[in-house]
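Student: I would like a close look at one part of this model. Please take me through it step by step.

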Amino acid sequence: MPTVHLLDYVAGNVRSLVNAINKVGYNVEWVKSPEDLKNAEKLILPGVGHFGHCLSQLSEGGYLEPIRQHIESGKPFMGICVGLQALFDGSEEDPNVSGLGLIQMRMRKFNADAKSVPHIGWNSAKDIGIYTSSNKTFYGLNPNSKYYYVHSYAAFHTPGVLEEHGWSVATATYGEEEFIGAIARDNIFATQFHPEKSGHAGLQTIRAFLNGDRFQLLAKDVSVPDKQKDGLTRRVIACLDVRANDDGDLVVTKGDQYDVREKTGVDAGGEVRNLGKPIDMAKKYYEQGADEVTFLNITSFRNCPVADTPMLEILRRTSETVFVPLTIGGGIKDTVDTDGTHVTALDVATMYFKSGADKVSIGSEAVLAAEEYYEAGEKLSGKTAIETISSAYGNQAVVVSVDPKRVYVDRPEDTSHHTIKTTHPSIAGQNFCWYQCTINGGRGARDIDVRQLALAVEAMGAGEILLNCIDRDGSNSGFDLELINDVKAAIKIPVIASSGAGAPEHFAEVFEYTATDAALGAGIFHRGEYTVSEVKDHLRSRGLLVRSSEAES
């Protein structure tokens, strides 16, 4: 197979990019020193995380000038995410660090007044200029397709500014802000979105770049979507709880308020509920149109070395066929290996990223870190798992999974915690409650409420909240809308609604009556009651914007 050179400078999950390149028929050769760039014909520069960190790494490694020389020579160059941002003068994210300066503009942060930041999810990349004049687009971009973005800073678009300098520009809209989703000129192609995580549409752009197909004629029935069909879609996430069963095999399971064992008559001590194999089920949900797949490791794997954790192999194999974002949760903490070696949470996360994960989810450790944060007078230690991982890989790589439960009170004055007035009173008729955070799969209650935790982890650098609800877990009664609205009102980062989905209507409700950024389902999909496609069809029938399934792409 032909070869493309890939420059990795600890840019997060590059395994998926390698898999995507292999999928479209190319081999990857790693750039290990600046000298290697002289031999590179096609060069891809990926990037995840902090602009200043990434550009400083390139500068310290002696790569910036060889990259410039590669571009100036006319050889094909592709930048992804921060790889696109590197082409600009600089970024507000780190004003003291310069980019390559090929484009005289600076990256600016999204306005968080009316929307969540980071911008996470599936959005457009509309090449209006070329498309409307010639029914062509560059590098296979389709105005009706959606691509996966995850970033806080962007190059905002002013019509004509880049175009008059020969750039082809594709844009997306987030809230009221229009930003650059992709650009191309001569031998350069760069995307703010992640094509390796954008399913069939993303693979098409990678293939077009590697094959040198800069301009492509679109089908006559392709039309530029109107404003109502533009923008960020509603994300539907499939979640797989993975653990070892009594025979030691890894299976997908699902509990009722976290009890995953089958009920045998009146007894609750049956076998671990086996709903399928993790890799097969992840691929099935990807093909049905799941926008992300989340694995929650609910087995500790205490008796095997950290580097041999079975979840690593699941991620490696899943990322070969599933080209949407993968999140892994469970065990992301400082630990001691079987040989007595101390392994940091950052080390554990790095192993997961190298195996195919795009995000890591932190649960109990986040609650304990939040408690320490308040005990220290709301001061950051810089040593928590959230802080160390987000500093290295960016806040978009860290999800905090919260497991709260309702505690009812007669009056708000009866507790020091933040309360809400609920429309779902207790059996005793109490109309006020607060949400108590728990650890260890809901088994340990802590004296901290969900609002306190959300604010603390946002300050630490978490990029997203996975908001579960013990009271709704396994109930099939719908999401806790009051909980979701309460947390969304307190923070700026995105929130994923979880627990309670039993019908497509529940997904519609959570998107219509809360400001949630995504909704997650588990048992509803595992038991075969509804497919991801059916949920999305229902959302579409309600006028909600969703991404098409891979089968429809």
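Student: How many residues of domain 1 are in contact with domain 2, and how many residues of domain 2 do they touch?

Tutor: The model is a predicted one. Its domain assignment gives domain 1 as residues 3-217, and domain 2 as two stretches, 235-403 and 438-542. Where they meet, 29 residues of domain 1 are in contact with 31 residues of domain 2. Arg15, Ile120 and Lys197 together supply 24% of the area that domain 1 buries against domain 2, more than any other three residues. The area buried between the two domains is about 2200 Å², and carbon and sulfur atoms give 55% of that area. The C-alpha centres of domain 1 and domain 2 lie 29 Å apart.

One salt bridge is counted between domain 1 and domain 2. Lys197, already named for its part in the buried area, forms a salt bridge with Asp358, and their closest N and O atoms are 2.8 Å apart. Eleven residue pairs are found in polar contact across the interface of the two domains.

On the side of domain 1 that touches domain 2, the elements giving two or more residues are helix 1 (15-23), strand 7 (119-123), strand 9 (147-151) and helix 6 (199-211). Helix 1 provides the largest share of that side, with five residues. Sorted by kind, the residues on that side of domain 1 are eleven nonpolar, twelve polar and six charged.

Key:
Residues are numbered from 1 along each chain as its sequence is written. This is a predicted model: local features need pLDDT of at least 70, side-chain atom pairs count only at pLDDT 80 or more; totals for chains, interfaces and linings use all residues. Side-chain values use heavy atoms; hydrogens and water are left out. Domain bounds come from an automatic or database domain assignment. Contact means heavy atoms within 4.5 Å. Buried area is the accessible area (1.4 Å probe) that two parts lose on being put together, summed over both. A salt bridge is a side-chain nitrogen of Lys or Arg within 4 Å of a carboxyl oxygen of Asp or Glu. A polar contact is a pair of N or O atoms within 3.5 Å; within protein, one must be able to donate a hydrogen and the other to accept it, and residues adjacent in sequence count only if both atoms are side-chain atoms. Helices (H or I, at least four residues) and strands (E, at least two) are DSSP runs, numbered from the N terminus. Ala, Val, Leu, Ile, Met, Phe, Trp, Tyr, Cys and Pro count as nonpolar, Asp, Glu, Lys and Arg as charged, and the others, Gly among them, as polar.
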